[in-house]
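Please open the model in your viewer and show it as a cartoon. The stops below say what to select next and what is there.

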Amino acid sequence: MNKPVTKLTLKDYTSDQEVRWCPGCGDYAILKTIQKLMPELDQPRENQVFISGIGCSSRFPYYMNTFGFHTIHGRAPAIATGAKLANPDLDVWVITGDGDGFSIGGNHMLHVLRRNVDLQILLFNNEIYGLTKGQYSPTSKIGTRSPSSPEGSLDAPLNPCLVALGAGATFVARSIDTEAKHLTVAVKRAHDHNGTGFVEILQNCPIYNDGVFEHVKDKKLAADFRVEVEHRQPIVFGQEGEKAISLNREALQLEVIASAGNEDRILIHDETNKVQAQLLAAMQGPDFPVAVGVLYREEKACYVDDTQQQLVKMRSGKGSLEELLRSGHTWQVK
Amino acid sequence: MELAEENLDEHHLDDKQVLDVVVRFAGDSGDGMQLTGSNFTEATALYGNDLSTFPDFPAEIRAPVGATFGVSAFQIYFGADDVTTAGDALDVLVAMNPAALVTNLKNLVTGGLLIVDRGAFTAKNLAKAKYQSNPLEDDSLADYRVLDIDISAQVLAAVEPYNLGHKAALRCKNMWTLGLVMWLFDRDRNPTIASLGAKFAKAPEIAEANIAALNAGHAYGETAELPSGVHVYKIPKAKVAPGAYRNITGTTALAWGLIAASELAEIDLTFASYPITPASNLLHELSRRKQFRINTFQAEDEIAAVCAAMGASFAGSLGVTSSAGPGIALKAEGMALAAAAELPLVIVNTQRGGPSTGLPTKTEQSDFNMAMFGRHGDTPMPVIAAATPGDCFDVAIEAVRLATKYMTPVMLLSDGYLANAAEPWQIPDIASLPRFPVQFHCDPEGFRPSLRNPDTLARVWAKPGTPGLEHRIGGIERSYETGDISYDPDNHQRMTDLRRDKVQGIAKDIPAQEVCLGETTGKLAVVGWGSTFGAIHQAVKRARAEGHSVSHIHVRYLSPLPANLGELLANFDFVLVPEMNTGQFVRHLRAEYLIPAEGLNKVAGQPFKIGEILAAIHETLRQLEVSA
């Protein structure tokens, strides 16, 4: 056990399992980013646990040389909550997708967020069901043609960050699979957050939904269709930073304005402002850019910490089973 | 086998020496009948009688006053001999209103004592119970000894000094009635007085009023003119093994069994559950017991509950989840993952009437098939069942032992009757119980998650937080050799066989099946499992007293079955299996052992009566005689 403490590297976090995602899948980039980030997190590797549900993204734990549990569809948040309750020292990560996390597992997602269990949730959102071969998902845009919706899907998509905020999430960020630097910061901050760190990662599925995020990923298009928000910084975008986001206080709506000459109207990002976070999370094309970065954070008591405090309180006097069995009315037969 | 009933010889209130009595308190769900019953139980246990109780309450929390569907009842059978059921026919019925009378009268023996509150027999209440005329005023109760008292008026007079107000004063009716029944059976009122003092510590005037009502009811008995033949009964004390005793319900015994198991296994226990009748009380009881190695988690749904329990097991605690039928159905996928990932998990099923919402507050054994077979894939799982309230303690420990030793989910079957019924229980000596400390794997040398114990076939338990043991598990089929994902056909065959052999191997680790009453060979074996134990036991006892060749075999281990069970059953000409379902266990026994067996089946939301099983024994023996 007394191994010399040496700094681990990406290699130490790479398992011996052959990665089996499709060539070109956004998951590869996410995996590499997380493997690279892990040694920076100041956590012993044996305490790191990746728990996933079902779907392409949920194969992730097999490729991490940490503890991992590939579970059942949609239930990873519940299993992770149980693991964290049993051992609060563990550094628990939930890996999920748009179908796993917001369709079959929607309920558990709401409750892990409202409880604020101290763990990280990485939601790989590719707006499609990959592993079951291309059906539309709860985040697919209306009209998505798929094997189960040949005439186009009819159900309105949900917005994962908005749902997370609605459920009471205390940390909500959005990032992009191939933007390693941006993703690293978002995930690291989610990890540092005391409570549930929720990160929606826009992820390309090259087989069933290729290019669905092209407008936010393509270098040229992204300038107009993506805005990176940073705490206490003005929210500006465009090729030359010529556009900005402003809050119309009468309509309680955001609007896109020209930066020049409007300096006092440009919205300053405040990641502790929930209403603003909701407005930013809701922005989508073509009228608005998609906001990426840390949208919201809030300091709040964590469920497992509170549980531990109750346990400490109840265990201040050690329970005697003999006494319990003899509590209340008893009688002696001779 | 057709369900029929034989009337047992219980018309004995006239006898000089009465050996056992069945009393049922029935009233509105707001009348406090459960409290009355539990206080009477306490007093009866302290008196030294053996006893068994059956709380029977409606699903509605506060049904409209006077409604037949709102009747709440508490039945107690107590006596000098070993009592294992709550009794068949009633010797004494307390009916606090017409609805309680109309729903319970059919169970009162001819000549039985009927105590009614005349004050509650108003035109309105009579109409709600669908009485055309007041039964207290016509001759419809002529077969019974009726003690009709205006209890309401008596109570109002008794508690007048406490200025409670009309409604609050009437709430003391149950204590007045309890006082009267305590007088009838010579019970000591002091424990009830003490518990009323404790219960209403913050409202001493309420406590005093209730005590005054209790004493007034008692005093009424001393001076009242009673129906002929009714007198104070002194039931002889039961002969029981020496030791310390207490009353216990199945739910409490199960909770305390889990606490004991955590100490014996030297492991923390994480209990994750979602509220459901009649299983919720287990969550309530354990939530108050976190000073032990217990943590509880009220999950967002049944699926989350089983999953959180499994997550806890993965992390090195023992996960336990609990529910009733519909909730267990929701947990099925989780159980299968625990079986595939080879993680320990205990699932408690407090069975109730089904299908669907069915009869939430009534008892049934109809989840046998689901417990045994209700999972996708070939997913074997040990299943054990509790026989009596006190047995829930032992079965809980056994479930934890099997789950941790064999790294497998284990289903523990209880039911609505066991959960709520109470019986005197000899308090076990914890120090004398065998310990079975859990061993976590810690050695990184040559570690693979697929390492297993060659004897038990159990996989190692390698918990997160252990340096050098980083590994992945999951629901995809894994290689027997490495524990990595494997789609290899031969490997799947091997792993399926392994899962089967592991569970089957438990048969070597459980006691051989014994006959709990009678010989190991003979004409008829009455075979039961679960809470039918008490009624079968009494019926077989009576049949044997009549000179019949009948034995009682009670099966605790349903999967795997004890290794010698088939051989044992083959020693009998015929097997009769009473079950509170349509014949699930009997079908399994026939399939396993190809033996002649017939079921006696009842799904009326009520436990078997002794007379029903006795009638079936007689009929089976008669048929055997005819065919011989």
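Begin where the two chains pair: select strand S2 (67-70) of chain A and strand S15 (residues 472-474) of chain B, which run parallel and are joined by three bridges. Strands here are DSSP runs of E with at least two residues, helices are runs of H or I with at least four residues, and both are numbered from the N terminus. Two strands count as paired if DSSP finds at least two bridges between them. Pick A:Phe69 and its bridge partner in S15(B), B:Ile473.

This is a predicted model, in which local features need pLDDT of at least 70 and side-chain atom pairs count only at pLDDT 80 or more, while totals for chains, interfaces and linings use all residues. Residues are numbered from 1 along each chain as its sequence is written, and chains are lettered from A and ligands numbered from 1 in the order in which they are written.

Now widen the selection to the whole contact between the chains, which takes 51 residues from chain A and 57 residues from chain B. Contact requires C-beta atoms, placed from the backbone, within 7 Å of each other. On the side of chain A, the elements that each supply at least two residues include helix H2 (76-86), helix H4 (106-115) and helix H10 (303-314). Which element gives the most to this side? H2(A) does, with eight residues. By type, the residues of this side divide into 21 nonpolar, 21 polar and nine charged. Nonpolar covers Ala, Val, Leu, Ile, Met, Phe, Trp, Tyr, Cys and Pro; charged covers Asp, Glu, Lys and Arg; the others, Gly among them, are polar.

Stay on chain A and colour it by domain: domain 1 is 10-232 + 269-306 and domain 2 is 234-267. These bounds come from an automatic or database domain assignment. The domain centres, taken over C-alpha atoms, are separated by 28 Å. Nine residues of domain 1 and eight residues of domain 2 form the contact. Helix H8 (219-225) and strand S7 (226-229) of chain A give two or more residues each to the domain 1 side, whose residues divide into seven nonpolar, one polar and one charged.

Next, go to chain B and select strand S13 (residues 409-415), where seven of seven residues are buried. Buried means 20 or more other C-beta atoms within 10 Å of the residue's own, exposed means 12 or fewer, and partly exposed lies in between, with C-beta atoms placed from the backbone. In a regular strand the side chains alternate between the two faces of the sheet. Both faces of S13(B) are covered, with B:Met411 and B:Leu413 among the buried residues on one side and B:Val410 and B:Leu412 among those on the other.

S11 (residues 345-351) of chain B runs parallel to S13(B) through seven bridges, and B:Gln351 has B:Asp415 as its bridge partner. S12 (residues 383-385) of chain B is also parallel to S13(B), with three bridges; here B:Val383 is partnered with B:Met411. Follow the chain from S12(B) through helix H15 (residues 391-406) to S13(B): this β-α-β crossover is right-handed, that is, with the strands pointing away from the viewer, the path from the first strand over the helix to the second runs clockwise.

Finish with the backbone exceptions. Most residues other than glycine have a negative phi, and most peptide bonds are trans. A cis peptide bond joins B:Gly354 and B:Pro355, with omega about 0°. In B:Asp186 phi is positive, near 60°.

Definitions and conventions:
Two residues are in contact if their C-beta atoms, placed from the backbone, lie within 7 Å.
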